[in-house]
Every structure is written in C-alpha cells, then in structure tokens.
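Subject: Structure handover

Hello,

Here is the structure I promised to pass on. Please open it alongside this message.

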Amino acid sequence: ARLALASPPPEIDATAWLLADLSSRQVLAGEHAERRAEPASLTKLMTAYLAFAAMRDGLLPLDRRIPVPPRVLKVPGSRMFIQPGLSVTTDELLRGLVVDSGNDAAIALAKALAGSEEAFVGRVNREATRLGMKDTHFANATGLPEPEHYSTAYDLYLLATALMRDFPDRYAEYFAQKEFRYNNITQFNRNRLLWIDHSVDGVKTGHTETAGYCLVASSERGGRRLLSVLLGANSEGARAQESLRLLNWGFHAFDSVRLFDRGQTVRMINVWKGSSEQVRAGLHGGLTVTVPRGAADQLRAVLLSKPPLIAPVTAGERIGELRLTLDGKLFGEYPVVALESVGEAGLLGRTWDTLRLWIK
C-alpha cells in the first residue's frame, strides 16, 4: 500500500523507476516499476551474481586464468578489450564486467561458468525464477537487445538486493571501483554518482539506443541503505541526476525505525503440556520498518497468537503474527517465531494440562 507522505516523490524523467529501503526491505515509491523493459547492461548484475556464487562454492577461483573465446572480437558495444588466444584472470574479468561494462568480459565469464553463452542463459533464467523475478527473461549474458530479453525495475531491485545481501564483500570490492586499467587502456566507471556523492558505492549502469540510459544506484547514509532503479533516462547526465534526486528524497522523506532486535523477546506465550509453561516469542531477524518522516510515534503493534500452543515447540517455529498499524491503518504483518525450544512435559504434567484444557 502507498504510504501517506509528508513529502511526495519528485517528478522523475524516466520511463520507469523504483526506490527501496534495503534496511527494511520496503519499496518506498515507484512508477511503471512492473512494466517490462530492456535492461541493457544491468543484465550484467546477474552475470556477476552467478560468478560470485561459483567463487563461493570453490568452482571459480579468483586467480584462475580463463581462455578468451574468439567470439569476443565480434561482440558490439562496450568492451574491456580482451584478446582471443590469451587468458585473463577471474578477477580481471569481473572488473572488466563491472567497471568497463565489458560485453566481451560477460561472454568470457559465461563460457567459463557454463561452457557456452547458450547454456549460461538457461542458468540465469533458472536463477531469476529462484529470486522471484517473475517478469524477467534473459536471452544473453551481455544485455544486448533481443526481443526475448526483458526485465522490470522491480525485478532488477530484487536482483541487486540479492547480490548485495548474498555477497556483501564482493559487492564492496568491485562495484565502487571508479576506474580499471587493462591492456594499457584505462576506462572509467560510467556511474557518475561514484564521483558526485561519496555515500554511493554502486551499483551498475546500462545503455542501448532502445533502452535509453539506465542506472541502479545504492547509497548508505547513517546506517540506512537505499537503492534506486532508473530505466529509460534521456542522457548519461540525466540518469545520474534523477537517481540522485530519488536517493536524496528517500533519505529526507522517510525514517527507518528499529522496532525489535534479532533474538529480542516480543512477548512470553503460554505453552501447554510442555517442560516449560512459557516460551519466548520474537521476530527471527528482528524488525526494521521505514515510515514517513515524523510518523514513527503513530506506529502500534499487536501480537496475535493461536492458543492453545501445545508442546513440543521447536526454535524458529511460527507461533504467531505481529500486526503493525500506522495512524490506525494496517501497515504490515510479520511472522512471530519461538526463540527457543520447549520439550514435552512428563506424563503427569501432560495429563494435568489435558484436563485443564478440557475444562477450559
């Protein structure tokens, strides 16, 4: 549901956009965010994601030398200028992919990961499905235009969020890099926000004639991290300026509120037939919410449980729901879990509780 905002979003000159707070995993605002569009080189976020996964699993060491396939000489668009017949390290290819947005780097990585770009496309589409990217289909590893190559601002938000969540160290290593020198050629990251705003540490640009100028940008200020997705801007300067306007608005118009910490007890809930009479209930990862600036004192929380709760109870088991309202309107519902296990009582205790439940 759209929040009632003290400060409405700015008018953004782009075909589609979205702004989210990653601290609370909330989408704050957007326009045409679920409309299919050409992702251009934002596709390379998925190529990087699968490369990072292979590195994590020990399948693609950082110093592995990867042979350069002949096909890279024919690929149009941006390149890191790798040469067939030579080999390049995984690390160099990743920097060429992220900083230079090299289509040749994407093809070399795809072949290293899956044997061919065609096989790689099958893998990325399976991964997109796993990540919940319901309106996305990839036809290549580069983002070059093809009729069956499309995504949405919302799906690209899911992808960028997964990359930053699952590989935070790799994200920090590659996506804030401003320039990269390879083959005696220095290229600069096309994400102008890396120079304009020091709180921005990524993420990725994209551009084709048909897609326009695209940018996924992320900024961390005061412990809060926002992510903007902008598709179809008119120029390189406009995509940076409009993305920065979105990020600045998000930090100004909203507050993030930490309601419960990880492992914090929200309430004690009665347990029947258990070795303990009560169990600590809370939210698995804690709870942070983002609300319009100044509205935090209008939040109200109610914990709903379904009695009777009968042992055994396993730690992590869902035993209730936290319902939040803001200014009297439903804001969100969050699963409440047992923070500890409770075993069964002995025969006498179980029999006594059975009698008490029957009387109740």
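Overall picture

Keep in mind that this is a predicted model. The chain has 360 residues, and 52% of them count as buried. It contains 9 helices and 16 strands. Along the principal axes, the C-alpha atoms fill a box of roughly 80 × 45 × 35 Å. Take the contacts with a separation of 6 or more: 64% of them join residues 24 or more positions apart.

Nonpolar cores

The largest nonpolar core has 66 residues. Which of them touch the most other members? They are Met46, Phe52, Ile82, Leu93, Phe175 and Leu227. Helix 1, residues 44-56, gives this core its largest share, with 10 residues. As general background, nonpolar side chains in soluble globular proteins tend to be buried together.

Phe52 deserves a click. Setting aside neighbours within four places in sequence, Phe52 is in contact with Leu94, Leu163, Phe167, Arg170, Tyr174 and Phe175.

Helix 1 and helix 5

Helix 5 covers residues 153-166. Helix 1 packs against helix 5 at an angle of about 30 degrees, and the axes are 10 Å apart. Angles under 35 degrees count as roughly parallel, so helix 1 is roughly parallel to helix 5. The crossing is left-handed. On the helix 1 side, the residues are Leu45, Met46, Ala48, Tyr49 and Phe52. They meet Leu159, Ala160, Ala162, Leu163 and Asp166 in helix 5. By class, this contact has 9 nonpolar, no polar and 1 charged residues.

Helix 2 and helix 3

Helix 2 spans residues 90-98, and helix 3 spans residues 103-114. Their axes are 8 Å apart, at an angle of about 135 degrees. The two helices are therefore oblique to each other. Helix 2 also passes helix 3 in a left-handed crossing. Which residues meet here? Helix 2 brings Leu93, Leu94, Gly96 and Leu97. Helix 3 brings Ala105, Ala106, Ala108 and Leu109. By class, the contact has 7 nonpolar, 1 polar and no charged residues.

Leu93 is on the list for the largest core, and Leu94 is a contact of Phe52.

Best wishes

Terms used:
Residues numbered from 1 in each chain as written. Predicted model: local features only at pLDDT ≥ 70, side-chain atom pairs only at ≥ 80, totals over all residues. Heavy atoms only, no water. Core = buried A, V, L, I, M, F, W, Y, C linked by side-chain atoms within 4.5 Å. Buried < 20%, exposed > 50% of the residue type's maximum accessible area, 1.4 Å probe, protein only. Helix = DSSP H or I, 4+ residues; strand = E, 2+ residues; numbered from the N terminus. Contact = heavy atoms within 4.5 Å. Axes fitted to C-alpha atoms, helices over the stretch in contact; angles between N-to-C directions. Parallel < 35°, antiparallel > 145°, perpendicular 65-115°, else oblique. Left-handed = near helix turned anticlockwise from the far one by under 90°. Nonpolar A, V, L, I, M, F, W, Y, C, P; charged D, E, K, R; others polar.
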